[in-house]
Amino acid sequence: MTFAGSPERVEARLVAEAGYPFDPFPVSGLPRRLGRGLAHAVAVDARAPRACARILEARRPDVVLGGGGYVAGPMVFAAWRKKIPAALTEADAHLGLANRLAAPFARRVFLAYAISGRDGARYRVVGRPILHVPEVSRDDARRLFSLPPDGPVLLAFGGSQGARALNEAVVDAFAVSGPAVLHLCGERYYEALRGRVVRDDYRLLPWTDDFAAALAASDLVLARAGGSVWEVAAAGKPAVLVPSPNVTADHQTKNARYFAAGGGSVVVPESELSRVPALVRSLLDDPSRLAEMGAAMRGAARPDAAAEIAEELLALA
């Protein structure tokens, strides 16, 4: 198994750290406005399929998987031209522009959520692949983060980059009093927030490499509704989801509604963020409802998504 992608994106570092071969090729996302940036991006992307073809000639793969986004499109197109079976993954409840353009050249498109109009033989709903790690006990997880061994814990995060509105709401509501909090605020917000937290049982961190332990330590999750929500579901954690309003086609709201429909989460628009502190307190004071929501989240999870995709890829090959 080998990987290919942009030398300027995080995959270049992560793949090398994991010990896999990585073939870089120049590729650029398309700005949504006219200008020199768009012209430059088009010029770079026009050359990308040829660079991908050279990679395919050198690696001679039996099958290609595109992880979605603009990096995947040129490789899937190059694979189609060379009659190499290819597949795509879509992580959200809205098929992104890059995947819409690349889908005609893929044998399979693996969807995290059912998407209206994408239900032919080419499409398969599998959920989103997540990293499987050894389970961590609640006690061990709380010791790891120096959280109280007893009582409810709120886990709040806005993705590894953080989310300003969510960060401000959590700090304003709970920095001085309230339930124990494990708050993963994102590196760029950490210094501005750390001085506002005055409680020992409010643990503010930029991020953690042990996200499974963060989930294990918590009783309720407050988060956006991006890719990490599938890890929350697999852990069986009830959630209050505040979708980001700054995403294409409002896809995070669509993501969040999937989990809310089964009873595992409560969806709060960012415009109603002031409701969140009281909602969090009421849920943490209701263990029976938390248990019901947790069971619903686990029921909505698709922990075998990666295995399903791998089996289908082997069949395509």
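The cavity count for this predicted model comes to one of 30 Å³ or more. A cavity here is a set of points on a 1 Å grid over the protein atoms alone where a 1.4 Å probe fits but cannot get out, and lining residues have an atom within 4 Å of a point. Grid points are joined across faces, edges and corners, and the volume is the space filled by probe spheres set on the points. The largest cavity has a volume of about 30 Å³. Its lining consists of Ala169, Val170, Ala173, Phe174, Leu222, Val276 and Pro277. Helices (H or I, at least four residues) and strands (E, at least two) are DSSP runs, numbered from the N terminus.

Residues are numbered from 1 along each chain as its sequence is written. Because the model is predicted, local features need pLDDT of at least 70 and side-chain atom pairs count only at pLDDT 80 or more, while totals for chains, interfaces and linings use all residues; side-chain values use heavy atoms, with hydrogens and water left out.

**Nonpolar cores**

A nonpolar core is a set of buried Ala, Val, Leu, Ile, Met, Phe, Trp, Tyr and Cys residues joined through side-chain atoms within 4.5 Å. The largest one has 34 residues, and those with the most contacts inside it are Leu155, Phe157, Leu182, Leu184, Val221 and Phe259. Elements that each supply at least two of its residues include β7 (153–157), β8 (180–184), β10 (220–223) and α10 (251–261). The largest share of this core, six residues, comes from α8. A second, separate core has 32 residues, among them Ala175, Cys185, Tyr190 and Val242.

The table gives relative accessibility for selected residues; buried means under 20% relative accessible area, exposed over 50%, and partly exposed in between (1.4 Å probe, protein chains only).

| Residue | Relative accessibility | Class |
|---|---|---|
| Cys52 | 0% | buried |
| Cys185 | 0% | buried |
| Val240 | 0% | buried |
| Phe259 | 1% | buried |
| Glu312 | 14% | buried |
| Tyr258 | 32% | partly exposed |

The structure holds zero disulfides (a disulfide is a pair of cysteine sulfur atoms within 2.5 Å).

**Aromatic pairs**

Rings of Phe, Tyr and Trp (its six-membered ring) pair if their centres lie within 6.5 Å; planes under 30 degrees apart count as stacked, over 60 as edge-to-face and the rest as tilted. A search of the whole structure finds 13 aromatic pairs. In one of them, the ring centres of Tyr258 and Phe259 are 4.8 Å apart and the planes are at 85°, so this pair is edge-to-face. Ring pairs also link Tyr113, Trp230, Tyr258 and Phe259 into a cluster.

**Contacts of single residues**

Contact means heavy atoms within 4.5 Å. Not counting residues up to four places away in sequence, Phe259 touches Tyr113, Val229, Trp230, Ala233, Gly264, Ser265, Met297 and Ala300.

Val240 lies in strand β11. Its C-alpha atom is separated by 6.6 Å from that of Ala223, 17 residues apart along the chain. With neighbours within four places in sequence left aside, Val240 is in contact with Leu220, Val221, Leu222, Ala223, Val266, Val268, Leu279 and Leu283.

Glu312 lies in helix α13 (residues 305–316).

Terms used:
1 Å grid on protein atoms, 1.4 Å probe; cavity = no way out; pocket = protein on both sides within 12 Å on 5 of 7 lines; lining within 4 Å.
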